[in-house]
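Let's take a walk through this one together. Have the sequence and the fold open side by side as we go.

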Amino acid sequence: MIHLTQGNIRLNAQARDKTEAIRIAGSLLVDSGNMQPGYVDSMLLREKVANTYLGNGIAIPHGLPKDRELIIQTGISVTQFPDGVQWNQGETVYLVVAIAARSDEHIELLANLTDVLDDPETVQRLARTSEPADIIERLTQPRDGGSVNTGAPADAADDFAKWVDVALTGPAGLHARPATAFVDIAKRFQSEVRVRHISKVANGKSLVSLLKLGADKQASLRIMARGVDEDAALDALAAAVRHGLEDETEAPTAGFAAPTLTLQARAIAGIAASPGVAIGPLRHFRRERIVVAVTANDAAHEQTRLQQAIATAKLQLRELHDEVKARSGGARAAIFRAHEEFLDDPDLVDATQRLIVAGHSAGWAWRQSVDERALEVASLDDALLKERAVDLQDVGRRVLRLLADTLEEEPASFAVPVILVAEDLSPSDTARLDPAMILGICTAGGGPTSHTAIIARSLDIPAIVGAGPAVLHQAEGSLCILDGDAGNLYPEPGDGDLALARQAQHEWQALREAERLACYQPAITTDGHRIEVVANIGGAAEAEQAVAAGAEGIGLLRSEFLFLQRAEPPSEDEQFIAYSAMTRALNGLPLIIRTLDIGGDKEVPYLSLPAEENPFLGVRGIRLCLARSDLFRPQLRAIYRAAATGPVKIMFPMIATVEELCAARTIAEEVRVELGAAVVDIGIMIEVPSAVLMAPELAAHADFFSVGTNDLTQYVLAMDRGHPSLARQADALHPAVLRMIDMTVKAATAAGRWVGVCGGMAGDPKGAMILAGLGVAELSMSIPSVAAIKSRLRAQSLADMQALAKRALACQSAAEVRAL
């Protein structure tokens, strides 16, 4: 830890404004030899792109990453302004903590600073003290005396009467994924839940609060519960901790090892994060600046905006989770479940609500609350837990983007493929990258266990992390070599180095090129049977992307995207414009539009849907459409109008009974007649067991079936696919689910109907082969899975896949099926 001395402290300072205050605070660091004078200017530039006000009268100005070469030695100064300085509108600062950091030596001091944030009396005392020693003592002596160990939690007067001590069993401590699992379980009980680790106590239903415990591997936790079901809560939580809290290890990346590169050029060494060799021009990543108002007059309106933004962000995260899971497996997608849990964090939401009531805008209040908690998490000792601060900021930006007044400096699109360099990339930043335009990634920060690194591997993008600030100073557009296997970036390669790198890259590129060229070939098996491979999409722009990826149409358009992030439902004309834009992009390929599927795990605040004890068994899917003709009829009108511009089919979600299907078809026919539109095929989603059992009767009223394996799995097995303890068992390859699909296909075939599958199972290579063997005619999946699934199906015979499916139906567990 760095030493804070009297030479780094100035008392009774006066400043006319924020700029003068920063210059005063920065001059202490210049005078003490911590940084060059130019870094003060960098501190002022950062204020234009970020708010360094922490809250409770404290600000922490620091410079931009690109100017770190101006730092001579890590240091911190504290300047006291007893009369206060206006930082931004509505923000008065009494203590300015200026930071010049080349490494993480200042983190422990900042950890103590975050404790001060929760203690207004201490801030006021330090703002008026005449003794520098008071400030030094408070910021360098932890409130708990600095004890750090993994022994049993200490008894405290405020502990609940009912508690149990357990030790963490996971390899990485209580980081985001196991903490998410713990919170999910705790929230199922009415009792209050607390967790103690040594002297720190956390709200057991708050993800951020748990992360702030800093509990690393094998740490001992005291789980406490108080309430009507306290015994059951303790039993469930203790058992989950002993079981491991779903702390899965990541499967190794499949593939071959690239040749070792020995180059003559100067190397910037980092940490290997994703294998492969990239050669191309360097491009610096620029994240947009999100601008929000500081204050707002209507607190109720701001609270509604916050609720809408959080609900929309949740849906985005669920769709991102499903896409990454289908492409790369549950372990790599799990971070987005943790991200969603951040949005439900009661401490975070309550803190934001308090700031809104105090007169701030929803955007400002949210940013402030997220920044405070991210700083607390970043101050933890454990390196893995520190990385979760990036995840919290990522979630914060996702919601903040939805609350923004304006977005400035939107990152430019890439005209040519590039090697992307950044200080760090959030998981969402990385997941949105187009692999076709990103040759490689190199970040100054981060580690190989970061979720950014995991997602880079899932996208098959060579990546290096933790390369240090030197990578941020490389010239834009300069030709570089990135060796993801060794973890080196070569910014100035010679001709000989380029030749060696291209040779090492050749086999990788050949394989990728073969797959790309074959993506447009139909999925025809070796014995001449064709399976249609189409895509699931959730927005208009993705229709063209699906075609470019080799999809033969759209098997599922999630029309909910039109109903989110708005104050009222979309008009008929607005929906027509969106649907017809897709038919034009598809240029004759089929488009299946699923009517509005909201309820259960999706929320739209402006619909004012009543709270349900079990929304997955409540008013969702077709039930909502039948109950809200003001939503259903305009959507049907828009779909029938769009059908005149290209081949469109209608699909009703969550059909459970024949009566529901007939009622929906009656309304659709009334709309069609009113418009004088042509007849279109109408199909249904098979997502509940009753639909499977009634499939012969439903086939008399439906033109096709599409099995939603995600929902069907959880309804058949009675396991929420997002449940922290059960998610691993909620496997669509379970024989019970496969037998349901088999029954569906047989009923449809007998009635002359075809069956598709649009759940995650369709994008699983083994799942796709079993489905084809069961007689499924269409597989609809996330866009990145299309080429690989088509390639896998082309290499099989239908006879072999039928034999595989028959063996799978005879298995007793999902594990047996996956072992076939």
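**Loops, a sheet and a buried glutamine**

Asn12 is exposed, with a relative accessible area of 52%; exposed means over 50%, buried under 20%, and partly exposed in between (1.4 Å probe, protein chains only). This is a predicted model, in which local features need pLDDT of at least 70 and side-chain atom pairs count only at pLDDT 80 or more, while totals for chains, interfaces and linings use all residues. Residues are numbered from 1 along each chain as its sequence is written, and side-chain values use heavy atoms, leaving out hydrogens and water.

Back to Asn12: it isn't a glycine, yet its phi is positive, about 55°. Most residues other than glycine have a negative phi. You'll find Asn12 in the loop between strand E1 (9-10) and helix H1 (18-31); helices (H or I, at least four residues) and strands (E, at least two) are DSSP runs, numbered from the N terminus.

Met654 also has a positive phi, near 55°, and sits in the loop between strand E24 (648-652) and helix H21 (658-675). Met654 is buried, though, with a relative accessible area of 6%.

Now for the open sheet: 8 strands in the order E10-E19-E18-E12-E15-E16-E17-E11, with mixed pairing. Strands E10 (268-269) and E11 (271-274) are the edges, each pairing on one side only; pairing takes at least two DSSP bridges between two strands.

Last stop, Gln635 in helix H20 (residues 629-643). Gln635 is buried, at 0% relative accessible area, and its side chain makes a 2.8 Å polar contact with that of Ser559. Such a contact is a pair of N or O atoms within 3.5 Å; within protein, one must be able to donate a hydrogen and the other to accept it, and residues adjacent in sequence count only if both atoms are side-chain atoms.
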